[in-house]
Amino acid sequence: MKKLTALLLALVMVFALASCGSSSAPAANGDAAPTASAPADAAPADAAPAASGKTISTDEGCNIDLTGIDLTGTTVGYVTITSTAPWGGRVGTELERMATEAGATVKSLDANTVADDVANYCRQMIDAGVDALAVFGGDPTAMVDIAKECKDAGIPLFLTALDVAEEGREYATACIGPDQEQMCYDIGQYVIEQNGADAGANVVQISGVPFLMDYQLREAGFARAMADTNYNLYEPDYAFSSRTDAKTFMEQHIQADGANINLVMGYDDDLTLGAVAAIQEANLGDKIKVYSLTGQNDAIQAVKDGQLQLTVMNRADDIAAETVKAIYEVVTTGTTNYYHYTPLTFIDASNVDEWIGKGEIG
Amino acid sequence: MEEKVIANTVDRRKQMVRLFKDNNSVLILILILAAAFIVVDGFGNGFYNVMNYTAMYGPVCLGLAIVMITGNIDLSAGFQAGLAGVTSVICFNAVYRASGSAVAALIVAILGAVITGAITGFINGFFVAKIGVSSLIATIAANYAYQGVVFYFAQSSFSPDDADAIKLIARTKLGGMRWLTPSLLIFLAIVAVVFLWMYKSKFGNNIYIVGDNAEAASYAGISVRNTVWVTYVICGVLSAICGFFMVSSAGYAIYTQGNSLSTLTISCCVIGGIKMAGGKGTAIHVLLGVLIMRVISQMMSAMFLAQSYVNLITGALLIVVLIIDRLTSNKATD
């Protein structure tokens, strides 16, 4: 009886997995997914653009126009370092949705924060013969090999909110997202404008994932802006995707050096709001000014409430839409610009009323 | 005479049943592989991933299994591997810059990793075997400490000066076959050596006796403390080999390389048939466990399943396998 039950369980396990396989990744439009890889410089045979394109819905506030986009017959691979972080997750869900609405078949894999798996999954996409590969997150150095392998396989590589290390740029097709370094340089200039270059402020930095290039560039841009001031930048604290950890870091700073902290620079609203919570609990809201970016709804509300001086809206759906647009350009014309910078909106007390409820997530 | 023949036949049948019960992971692997190749599109294309990952994570799983057979646990194996990976890159760069020889740098990198593993294993063994701290608590604490060191050196990717040289071990395709790498051959050799050592040597037997009943082992004159201590050193060395393979596969070290290994290694060991309570399991069981986990993982990624399903299925499969293990286990041996 026991042996029979064990065998039954083993069979259930195998067939459950098998049934998952047969129901996964259906073609959005009912077409069978193409299996052959398409070269980067040639459109798939059945991917000729329709004159009018597909209807792709976008949220209010999305700045990218997707009129005329049609990816019918194109298989898009998407590999992400994580789908659970709020902003990064939204880049993925929007990209998958928009590409699917554009007629593409989307295959996606989540590396669940393991940097090595990003490279591994990219290779799996190459093996699967996708027509275009989009990658979110990952390590810039690791992406060099992937860019070369994509080039060899004739698969265009689109880096969303990520750039490859310099030696890999000739092999990648496009890098999509804001100019992260310049964005934080501009935030630094805003901080200087508000406080003066000689304020001698002590600045706590709350950052996210240290190996992700977007965070590295953001920190570099802010540091560049601060180079000619007498501000004292504390070493960044890395809260990864955890608002709770960000709050804990801020509490530790307050306990250790609360009287001397003047500013907080947060490199992601979701994390910055953890620091804001710690500041509010310590009743230091009047003393410590907080600056941030990404433009989440609750961060915009915090600007309205005077808890945050600034957030810069760096819309995830803009990046997703621009990626879909770049893929379409390559599929139809065989080429696109390497850098696709997405627009940014600075939101502070002067314009916050226009943006309440128009941000993303949060 | 006739009764003797019947008795022999019954004994042989019992032996066969016992053999099946002790090795049900073989059946599970065969079933899963059959399902993978027959039903999952693209599984064959990605099969090299199964072998590459088995070679990469196999050594650390084997190290943990040896500790588990003594009835202990090592939750720091992941970051022991990560730390050894970082050390190997530091050693590689130091020698390469001094001598310009990639071969010398590679040899020193491997030695550096192995020595690091031996040291971290020795430290773990000291706290568990000598001081008597619970292995769970001691290795959780050690994991944090090793993670801190790795994070200090490799917040972002930390590359060797000649990445192509360091990739030779895990990325060279022998005979042009993507799945056959030097790292796989090294791992299989380690499995064979450990298997024979644990079955044939006195010390190997002592490990099982300690895991089965530490008190009885002590009465039998076996030094339980030394036995446990040595298993931690072996675990450290095998974790270090895994760490070097990870660097060799990626071409760089990064702190996340040890991140997910603690739970993965335990899953591989348990699925393979290593008993959490100790006293049972072989290197072959570990090999099977790693293969099963990698086949399942590769099946799910070949199906492009969402991460939520991946986590759900992995957890469910682990429970199912544990139930199968429980139902087919011989009470007398448990």
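1. The model is predicted: local features need pLDDT of at least 70, side-chain atom pairs count only at pLDDT 80 or more, and totals for chains, interfaces and linings use all residues. Residues are numbered from 1 along each chain as its sequence is written, and chains are lettered from A and ligands numbered from 1 in the order in which they are written.

2. Domain spacing and contact. Twelve residues of domain 1 of chain A touch eight residues of domain 2 of chain A. Contact here requires C-beta atoms, placed from the backbone, within 7 Å. On the domain 1 side of chain A, seven of the touching residues are nonpolar, three polar and two charged. Nonpolar covers Ala, Val, Leu, Ile, Met, Phe, Trp, Tyr, Cys and Pro; charged covers Asp, Glu, Lys and Arg; the others, Gly among them, are polar.

3. Secondary structure. Chain A has eleven helices and 13 strands. Chain B has 15 helices and zero strands. Both elements are DSSP runs: helices are H or I, at least four residues, and strands are E, at least two.

4. Burial. In chain A, 54% of the 362 residues are buried. In chain B, buried residues are 52% of 334. Buried means 20 or more other C-beta atoms within 10 Å of the residue's own, with C-beta atoms placed from the backbone.

5. Contact range. Take chain A contacts between residues at least 6 apart in sequence: 76% join residues at least 24 apart. For chain B contacts with a separation of 6 or more, residues 24 or more positions apart account for 79%.

How values were computed: Contact = placed C-beta atoms within 7 Å. Buried ≥ 20, exposed ≤ 12 C-beta atoms within 10 Å, placed from the backbone.
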